[in-house]
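I opened this notebook to record what I looked up in one structure. The entries follow the order in which I worked.

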Amino acid sequence: MAVHRKGSSPADEPACSIERSLQVLGERWTFLILREIFRGRHKFAEIRDALGVAPNLLSARLKTLVDAGVLRTLSYREPGSRQRESYHLTKAGADLQLVLGALQQWGDVHRARPAGPSTLRRARSTGEPVRVAFVDSAGREVSGADVLLDVLP
């Protein structure tokens, strides 16, 4: 589902996919909210308490992510409470794990904290550490210096 600004049409949308992505993901809190959902926090209160984010800001970010098809809602009701929504990743949302991993990897190298990384990325099947990298069609890793960006019309 595309998110369009009021008064805009798809023809008005930016050609650059980075710019279009930032229309949905470009707020500071967005990736932190996604981090919490990847960690298994799906309820509004769980996310709010983990991040210390203002409820109105969290509501706005969650709405943007749902409207963009990154998250979907499921209804639930705890005993004695009203019905509420929980937030879960769609395929588009799950695909952002790679982006979060790349941001974390960059931060671990270029914004490292003295105590070391706060999270380790490991393959579920082997327990071996993993990292984000460019990979060619044959499965070989390619250095960033060897990656060309061909700008298309």
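**Entry 1. Basis.** I am working with a predicted model, in which local features need pLDDT of at least 70 and side-chain atom pairs count only at pLDDT 80 or more, while totals for chains, interfaces and linings use all residues. Residues are numbered from 1 along each chain as its sequence is written, and side-chain values use heavy atoms, with hydrogens and water left out.

**Entry 2. Whole chain.** I listed six helices and four strands, where helices (H or I, at least four residues) and strands (E, at least two) are DSSP runs numbered from the N terminus. From the N terminus on, I read the order as α-α-α-α-β-β-α-α-β-β. The C-alpha trace spans about 55 × 45 × 30 Å along its principal axes. I looked up burial next: 21% of the 153 residues count as buried (buried is under 20% relative accessible area, exposed over 50%, partly exposed in between, with a 1.4 Å probe and protein chains only). Among contacts (heavy atoms within 4.5 Å) between residues at least 6 apart in sequence, 36% join residues at least 24 apart.

**Entry 3. Helix α2 against α6.** I took α2 (residues 28-38) and α6 (residues 97-110), whose axes come within 11 Å and cross at roughly 110°. That makes α2 roughly perpendicular to α6, the class for angles of 65 to 115 degrees (under 35 is roughly parallel, over 145 roughly antiparallel, the rest oblique). The axes are lines fitted to C-alpha atoms over the stretch in contact, and angles run from 0 to 180 degrees between N-to-C directions. I noted the crossing of α2 and α6 as left-handed, that is, the near helix is turned anticlockwise from the far one by less than a right angle. On the α2 side I found Phe31, Leu34, Arg35 and Phe38, which meet Gln97, Val99, Leu100 and Leu103 in α6. By class, this contact has six nonpolar, one polar and one charged residues.

**Entry 4. Helix α2 against α4.** I then looked up α4 (residues 55-67), which packs with α2 at an angle of about 80°, the axes being 10 Å apart. α2 and α4 are therefore roughly perpendicular to each other. Trp29, Thr30, Ile33 and Leu34 in α2 meet Leu57, Leu58, Arg61, Leu62 and Leu65 in α4. I counted seven nonpolar, one polar and one charged residues in the contact of α2 with α4.

**Entry 5. Burial in α2.** Which residues of α2 are buried? I listed Thr30, Phe31, Ile33, Leu34, Glu36 and Ile37. They pack against α1, α3 (44-51), α4, β1 (71-76), β2 (84-89) and α6. Thr30 counts as buried because its relative accessibility is 1%. Leaving aside neighbours within four places in sequence, I found Thr30 in contact with Val24, Leu25, Arg61 and Leu65. Just after α2, Gly40 takes a positive phi of about 100°.

**Entry 6. Cys16.** I located Cys16 in the segment before α1 (17-25). Cys16 counts as partly exposed because its relative accessibility is 36%. I also looked up the C-alpha atoms of Cys16 and Leu152, which are 136 residues apart along the chain and separated by 9.5 Å.

Notes
Nonpolar A, V, L, I, M, F, W, Y, C, P; charged D, E, K, R; others polar.
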